[in-house]
Amino acid sequence: MTERIIQVLLVEDSPTDARIVRDELSQATSASFVVTQVERLSEALQQLKARPFDLVLLDLGLPDSSGLETFARLQAANAAVPILVLSGLADGAIAFKAVQAGAQDYFVKGQYGERALPRAIRYAIERKRTIEALRLTHEQLRLLLDHSPAVIYAWKLHGEKIIPHLVSENITPFLGFKATEAMGGDWWTGQVHPADRERAEASLGETLAHGKSQTHYRLRHKDGSYHWVDDNRQLVRDSAGHPSEMVGVWTDITERKQAEEALHESQQRLELALKSASLGIWELNLANDTAIHTLRHDQIFGYETPLPEWSGAIFLQHVFPEDRAEAEKSFQRAVATGHFTLQCRIVWPDQSLHWLSAEGRVFYDEKGAPVRMLGINADITERKQAELEVRNQLRELQRWQGVILGREARVLALKAEVNQLLAEQKQPLRYAGPDA
């Protein structure tokens, strides 16, 4: 197994203390310590700029710096490297303050104990790496939250009380409040829309009963407007299994709710328009010949209640036999052109005959294959009956016109014959004018 090499920067102006440190580290068996010694803080800063070190052993009392300032200047120059403070008996309090300021540990010079210094160095390095990893993770999480629409929150459970103790900072661009404001005891209930409050508060009981809950409600923005949120909440239990905390996520779904409302209103207007026009809607899956259809669609085919299934084959069964071939051709043309149009006669369950008008559009997949057809149906029986009545009346009118014109021609012929007889008898003509 390869022996680990640890690069140590020893900042110590006392040759005796420096030798003691070297002796302590030379006896280590778990790692090999390479010690670089300098006597002044300025030299240490130069070394840190020149090359990397795994750890710094720092004496706070140096020729060019002393006290806590020595630690502060070194840490400011390189915050990533862990620092162990070496102190004399007289400056133990200052060394402790250095630990509070970020040093990994401190030792009183000459009182290292059996292999304590090598072990402390290894622990300090690992501890610093862990702290740095946690700091990086925290920064990444903060960056993610700052640019995320989801607000994270946590509420402590204390008896029957719910005490907010965490709200992510990105609540400000979401609702205009600072995180500290949102952690007020009554903030949440105060911001829930009055019409949604019962549902929102009921979700708390659901979380406690089932361990999780999800609900939608509106929260008031600081400017007075309301935003829709999706509240997804989980219950956290302590080691004894008792509820201790609720952790949740608020996601802004205002645009989605507005889109849903607009779609709902559009659907209502469409349904009203279709109802007024007495149109039925259908969508045919061309792959498996199954269809989605409205109640009005079924009523057009003579059914008062919704049919359990519909298809192109079922449609053709309802088409009057003499019109069936043309209906099949219409489907074929639709697949080729993308547009479906048909007028045909259909037979109702009571065997009565009715006229149907159908129009639709074909949709294709990315390869150009037809996958579905969407269309509308209308009962045009009354229109067809009216057209037939008009044609019958026209034919009757034309017949009577022929009769009348025939009679007029016969009268003219008789007038001409009378005038001819009178002329032969050299008598005055009875009928004058060009028609005579």
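**Figure 1. The loop around D289 in the predicted model.** D289 sits in the loop that runs between β13 and β14, the latter being residues 290-293. This close-up, like those that follow, is taken from a predicted model, not from an experiment. The backbone of D289 has a positive phi of about 55 degrees, although the residue is not a glycine. As background to that value, most residues other than glycine have a negative phi.

**Figure 2. The loop around Q351.** Q351 belongs to the loop between β15, which covers residues 339-347, and β16, which covers residues 353-364. Its phi is positive as well, at about 75 degrees, and Q351 is not a glycine. The relative accessible area of Q351 is 61%, and the residue is therefore classed as exposed, the cut-off for that class being over 50%.

**Figure 3. The largest cavity and its lining.** A search of the whole structure finds one cavity of 30 Å³ or more, and the volume of the largest cavity is about 120 Å³. Its lining is made up of 13 residues, of which W282, H297, W310, F315 and F331 are the closest to the centre of the cavity. Two elements, β13 (279-285) and α12 (312-318), each give two or more residues to this lining. When the lining residues are sorted by class, nine are nonpolar and four are polar, while no charged residues are found among them.

**Figure 4. Helix α13 and its two faces.** The 17 residues of α13 should span 24 Å at 1.5 Å a residue, and the end C-alpha atoms of the helix are 25 Å apart, which agrees with that expectation. The buried residues of α13 are D323, A327, S330, F331 and A334. Seen down the axis of α13, these buried residues fall within an arc of 100 degrees, so they line one face of the helix. In general, an α-helix has 3.6 residues a turn, so residues three or four places apart point the same way. The face of α13 turned away from the buried side carries the exposed residues Q332 and A336. A336, which has its place in this helix of residues 321-337, has a relative accessible area of 68% and is exposed. Between the C-alpha atoms of A336 and L10, which are 326 residues apart along the chain, the separation is 85 Å.

Figure 5. Helix α1 is formed by residues 15-26, and its 12 residues reach 16 Å from the first C-alpha to the last, close to the 16 Å expected at 1.5 Å a residue. Four residues of α1, namely D17, A18, V21 and L25, are buried. They line one face of the helix, because their directions fall within an arc of 100 degrees when α1 is seen down its axis. On the other side of α1, P15 and S26 are exposed.

**Figure 6. The buried side of helix α3.** In helix α3, which covers residues 68-77, the buried residues are T70, F71 and L74. Around the helix axis they cover an arc of only 95 degrees, which puts them on the same side of α3.

**Figure 7. K128 in helix α5.** K128 has its place in helix α5, which covers residues 116-146. Its relative accessible area is 12%, and K128 is therefore counted as buried, since the cut-off for that class is under 20%. K128 and V81 are 47 residues apart in sequence, whereas in space their C-alpha atoms are 7.7 Å apart.

**Figure 8. The protein chain as the setting of the close-ups.** The secondary structure of the protein chain comes to 14 helices and 17 strands. Taken along the principal axes, its C-alpha atoms fill a box of roughly 175 × 50 × 45 Å. The radius of gyration of the protein chain is 48 Å, whereas a compact globule of 436 residues would have one near 22 Å. Of the 436 residues of the protein chain, 35% count as buried.

Key: Residues are numbered from 1 along each chain as its sequence is written. This is a predicted model: local features need pLDDT of at least 70, side-chain atom pairs count only at pLDDT 80 or more; totals for chains, interfaces and linings use all residues. Side-chain values use heavy atoms; hydrogens and water are left out. The expected span of a helix is 1.5 Å times one less than its number of residues. Buried means under 20% relative accessible area, exposed over 50%, partly exposed in between (1.4 Å probe, protein chains only). The arc is that of the directions from the helix axis to the C-beta atoms. On a 1 Å grid over the protein atoms alone, a cavity is a set of points where a 1.4 Å probe fits but cannot get out, and a pocket is an open set with protein on both sides within 12 Å along at least five of seven lines; lining residues have an atom within 4 Å of a point. Grid points are joined across faces, edges and corners, and a volume is the space filled by probe spheres set on the points. Ala, Val, Leu, Ile, Met, Phe, Trp, Tyr, Cys and Pro count as nonpolar, Asp, Glu, Lys and Arg as charged, and the others, Gly among them, as polar. The radius of gyration is taken over C-alpha atoms; the globule rule is 2.2 Å times the number of residues to the power 0.38.
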